[in-house]
Amino acid sequence: MIKKFIIMACIASFFSSCVVVKEYGKVNINDPDMILADKKSERYITTFHSYREAAVGANGGKTGGGCGCN
Amino acid sequence: MKIKHLRIIPVLLFAALGYAQEQPQDYKKRVLETTEVDFLSSYYSQDGNNAAVSGGIGTEELTDFTATLVISIPLNDDDVLSIDAGVSAYTSASSSNVDPFDGGQAADPFIASSGSSKADTWANLTGVYSHSSEDRNDIWTAKLSVSSEYDYFSAGVGGSYTKLFNEKNTELSINGNAYIDTWNVIYPSELRPFENGREGLSNSLFTQNTITGNSNYNPSFTEIDNDGRNSYSLGFGFSQILSPKLQGSLLLDFVQQDGLLSTPFQRVYFSDVADSFIDNFQLADDIERLPDSRFKVAVGGRLNYYIDETFTVRTYYRYYFDDWGITSHTASVEVPIKITDKFTLYPSYRFYNQTAADYFAPYEQHLSTSEYYTSDYDLSKYNANQFGIGVTYTDIFTKFHIWKIGLKSIDLKFNQYDRDSGLSASIISAGFKFVMD
C-alpha cells in the first residue's frame, strides 16, 4: 500500500511539475548530453548486458532476437 | 550625395524585412540535413569459472570484436533511411567445450578445446525508415532486420509511432517488434550418439576413450522437437521537459517469448545420477531444459539535469520481473564533464542485481526428477558493479576531412564489469561520426 502511494505520488509530481519551456529556452535541454537515450557507441554495452543479464527492456535497447548464448 | 545613399539602406532593409515577414513560410528545416555515417566498434573480453556449457563449472573465457557501419540518408525533408550493417567475431573457451574431445589434449572444462565451436561470426543487417510530419509532431518508423550465425538465424520486423505536443515539451511513443528465430540445434558431443536411432555407447567416442567413474554411461537424453524461438515486444514511452534544465522519461516494455528458450548445448549434471568422465571432463547427464514460454516486464525511467556549462547528471533506473521468477533492479549514473569546447569526459557507475530463476541450481545440484533445470549463471542470483570512463571529441565545424566526409565526433569508452559470483568482463567501445559535405 505504501509502495503504491509512493509510486503514485512520484507520477503525480512528475506530471504536475510540467512547465512549458519555449523553443528559445531549450538551449540547455538540447545539449547533446541531455538526450534521454544511450549514445550510438554504447549499443555494444547494452547488447552485452542483454546477453549476460536476465533483465532486458525499458532502456531503448533490443528486447528480443538472437540467441545470446555465448 | 553619398550620405543620402547611405540613408536609403536602412529604409530598404526594413522594407525587405517587412516583405519577408509577409511571405508564406516555404522553408522547412529538414529532419536530417545531410547524410551521416557512424562507424562503431568494440572489443569485449570476459572470464569466469561457471560455464553453462559444462554445467556450471569451467572456463567462461570469451573475446568478441565487433564492427558496425550505420548510414543515415535524408530521402527528402521529412524522410530518413538508416542502414545498419554489422559483424561480430568471437572466440569462446566454453563454446569450444561443446566438443571437448578433440584429441588435442586431455578434455577438461577449465581448458579450451580446439574444436570448430570455439569461434563463430555473427552478421546483422537492419534497415529503418523514418517519416516525420510537416510540423515534426508525429514520427513513424518501420524496421526490418536479419542476423545470422552458425547455429542461429533471426529475422525481425518492427515499428513505432511518436507524438510530440505541448510545444514539444511532452512526448508519447509506442513501439512493437517481432523476431522470428531459428536454431540449428547442436548438442554436447557425448550426447549425440544417444540421439534416436544412433549407436549409443558403441560410438567411437566411447570405444576409443576410457569412461571412468560410472562406466555404464546412460544419459536421460531426448532430442528437442522445436527449433524455433519467437519474441514479441510492446513498448510505451513518455518523456517530459520539467524545467529549462531538467527532463525525464518513463519507459514500459512487455516481452513475450515462445519456443526453444533453452540453449541445446548447455549441460546439466544431476546429484542423483552417478558421474561418468572421459579424461577430466564429466559427461552430461542431460542438456538444459527450460519452459517454452516466458513473459517479461520492464519499467524504467531516466532523469537528466543540466547543472551548468561544465556538468550534467544523467540517471537511470529500471525494475524488471518475469514469470521465471527473476526480479531485477538496475541503476546508473553518468556525469558528463565538459573540459573544453571539444572534449567531454564521461565517468559512470552502474549497479545491477537479480534474483535466480526458479529453474537454476549450481553444478551437480539438480535432481533428475525435475521438469526444468539449468546451471547457467546468467540466470543465477548475483549483484554486478560496472565502472566506466569515456571521452568524446566533438568538432561541430567538421574541419578534418576524408574526401567529402567530415569528422564530427569521436567517442571512446571503457567499462569494467564485475559480478559477485565471479564473472569479470571489460569492454572498450568506439564510435566515429562523419557527415557528408
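1. Two strands pair here if DSSP finds at least two bridges between them. Helices (H or I, at least four residues) and strands (E, at least two) are DSSP runs, numbered from the N terminus. With that settled, strand β12 (residues 276–278) of chain B pairs with β13(B) in the antiparallel sense over 2 bridges. Within that pairing, Phe277(B) has Gln282(B) of β13(B) as its bridge partner.

2. A word on what you are looking at. This is a predicted model, in which local features need pLDDT of at least 70 and side-chain atom pairs count only at pLDDT 80 or more, while totals for chains, interfaces and linings use all residues. Residues are numbered from 1 along each chain as its sequence is written, and chains are lettered from A and ligands numbered from 1 in the order in which they are written.

3. On confidence: pLDDT is the predictor's confidence in each residue, from 0 to 100. Chain B averages 91, and 93% of the residues score at least 70. Where pLDDT is low, the predicted coordinates should not be read in detail. For the complex, the predictor gives an ipTM of 0.87 and a pTM of 0.88.

4. Now the interface. Counting two residues as in contact if their C-beta atoms, placed from the backbone, lie within 7 Å, 64 residues of chain B touch 37 residues of chain A. Strand β10 (residues 246–259) of chain B supplies the largest share of chain B's side, 8 residues. That side has 23 nonpolar, 29 polar and 12 charged residues. In this count, Ala, Val, Leu, Ile, Met, Phe, Trp, Tyr, Cys and Pro are nonpolar, Asp, Glu, Lys and Arg are charged, and the others, Gly among them, are polar.

5. Chain A has 2 helices and 0 strands. A residue is buried if 20 or more other C-beta atoms lie within 10 Å of its own, exposed if 12 or fewer, and partly exposed in between, with C-beta atoms placed from the backbone. By that rule, 44% of the 70 residues of chain A are buried. In helix α2 (residues 43–52) of chain A, 8 of the 10 residues are buried, so the helix is largely enclosed by the rest of the structure. The buried residues of α2(A) include Tyr44(A), Ile45(A), Phe48(A) and His49(A). What covers them includes β1 (36–47), β2 (62–74), β23 (405–419) and β24 (424–436) of chain B.

6. A nonpolar core is a set of buried Ala, Val, Leu, Ile, Met, Phe, Trp, Tyr and Cys residues joined through C-beta atoms within 7 Å. The largest has 35 residues, and those with the most contacts inside it include Ala55(A), Val53(B), Val268(B) and Phe360(B). Leaving aside neighbours within four places in sequence, Val268(B) is in contact with residues including Gly55(B), Ala284(B), Ile287(B), His366(B) and Tyr373(B). A second, separate core of 10 residues includes Tyr44(A), Ile45(A), Tyr352(B) and Tyr382(B).

7. Back to β12(B) and its sheet. The sheet is open, has 3 strands in the order β8-β12-β13 (chain B), and pairs antiparallel. β8 (211–213) and β13 (281–282) of chain B stand at the edges with a single partner strand each, so one side of each has no neighbour in the sheet.

8. Strand β15 (residues 293–306) and strand β16 (residues 312–322) of chain B are joined by 11 bridges, and the two form a hairpin with 5 residues between them. Here Gly300(B) stands opposite Arg318(B) in β16(B). Next, 8 bridges join β16(B) to strand β17 (residues 327–334) of chain B. Arg314(B) stands opposite Glu334(B) in β17(B). This hairpin has 4 residues between its strands, and Gly325(B) in the turn has a positive phi of about 95°. β17(B) then pairs antiparallel with strand β20 (residues 348–354) of chain B over 7 bridges, where Glu334(B) has Ser348(B) as its bridge partner.

9. Finally, two loop residues to check. Arg136(B) is not a glycine, yet has a positive phi of about 65°; Arg136(B) lies in the loop between β4 (119–132) and β5 (138–149) of chain B. Lys168(B), also not a glycine, has a positive phi near 60°, and is found in the loop between β6 (152–165) and β7 (170–183) of chain B. Arg136(B) is partly exposed, with 13 other C-beta atoms within 10 Å, and Lys168(B) is partly exposed with 17.
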